[in-house]
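Take a look at the structure first, then we'll go through it.

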Amino acid sequence: MLLVLVFLLILCGFLWNYKRQLKIADITDKYIFITGCDTGFGNLAARTFDKRGFRVIAACLTESGEAALKAQTSDRLHTVLLDVTDPENVKRTGEWVKNHVGEKGLWGLINNAGVVGVLAPTDWLTVEDYREPIEVNLFGLINVTLHMLPMVKKAQGRVINVSSIGGRLAFSGGGYAPSKYAVEGFNDSLRRDMKAFGVHVSCIEPGLFQTGMSDPVKATEKKCAVWKQLSPDIKQQYGEAYIEKSLAKLKSSASFVNVDLSLVVECMDHALTSLFPKSRYIAGKDAKTFWIPLSHMPAVLQDFLLLRQKVELANPKTV
């Protein structure tokens, strides 16, 4: 009886793996729209899917990013300038894409554009510090999705939302984690709403990757700028050496940062081309071995492990 059970488990595992390897038949007539293509994941995705034969429409924030991408890709790839926080810009882009794809519709929408914003203790921040990452990462993503969704429904295609391990664990104060938590909620409701239309919705949760968003120098500059604006009381509580110590902590964690951006693009590729795409993809060793497992653990254990990485305050009782 035990042997039969083991055999059935092995067979189920084989069939499950086989099912995941089944691909769509043709990609050369399929349009995909990708946001945030100036650098990072979006840039690599646009170049990769252009080489694969997709009809890529790459949205860039800057003219320089647009020009650089065009120089590295084929004539099939089209670019548009898009600020996802500008409603009129998003509306015009949606109309242009609709005319461009015609009756074929849009096979893939990859919501990749995002910013980190200021990562700092909550009591250092103002509501304005929260606004930028929430406007870009959440409202920008939702607005782009709403304008592209009719075309994705027409093609019975795919929506891929790039979230983060920051959508599963809040590892720092600031607007980044709240925006990504909200993206996870939007992704889940959208996935269920679109099932009846034959549209697959997937969420990618990358760990810490070496991109412009995770540049430690920029992160430190932003934190230092906020520090200069703090009241003397807050500075006394944290101590003048806090910034220097937190930078040292940041440098010590650099070895855990993933450098291979293709790990995320491979998730995008599977979500676009598999007959049975996953609902969630986890990218990066740190995400698979630490962040995501930790997100399932009790809050007391999460707090213990994450607080070990925090800098000790100089005078927390001088309130």
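Which residue does the side chain of R280 meet in a salt bridge? It's E205, with an N to O distance of 3.1 Å. Keep in mind that this is a predicted model. In total, the structure holds 11 salt bridges, and a few of them are picked out below.

- E205 has a relative accessibility of 0%, so it counts as buried.
- R280, at 29% relative accessibility, counts as partly exposed.

- D50 pairs up with R76, and the closest N and O atoms are 3.6 Å apart.
- That pair links distant parts of the chain: D50 is in helix α2 (residues 40-52), while R76 is in the loop between α3 (63-71) and β3 (78-81), 26 residues apart.
- D50 comes out as buried because its relative accessibility is 3%, under the 20% cut-off.
- R76 is partly exposed, at 35% relative accessibility.
- R52 forms a salt bridge with D269, at 2.3 Å from N to O.
- Here too the pair links distant parts of the chain, with R52 in helix α2 and D269 in helix α10 (residues 262-273), 217 residues apart.
- R52 has a relative accessible area of 39%, so it is partly exposed.
- D269 counts as buried, its relative accessibility being 16%.

**Some background on charge pairing**
- Side chains of opposite charge can pair when their charged atoms come close.

**A backbone angle to look at**
- Q156 isn't a glycine, yet it has a positive phi of about 50 degrees.
- Why flag that? Because most residues other than glycine have a negative phi.
- You'll find Q156 in the loop between α5 (127-155) and β5 (158-162).
- With a relative accessible area of 47%, Q156 is partly exposed.

Conventions: Residues are numbered from 1 along each chain as its sequence is written. This is a predicted model: local features need pLDDT of at least 70, side-chain atom pairs count only at pLDDT 80 or more; totals for chains, interfaces and linings use all residues. Side-chain values use heavy atoms; hydrogens and water are left out. A salt bridge is a side-chain nitrogen of Lys or Arg within 4 Å of a carboxyl oxygen of Asp or Glu. Helices (H or I, at least four residues) and strands (E, at least two) are DSSP runs, numbered from the N terminus. Buried means under 20% relative accessible area, exposed over 50%, partly exposed in between (1.4 Å probe, protein chains only).
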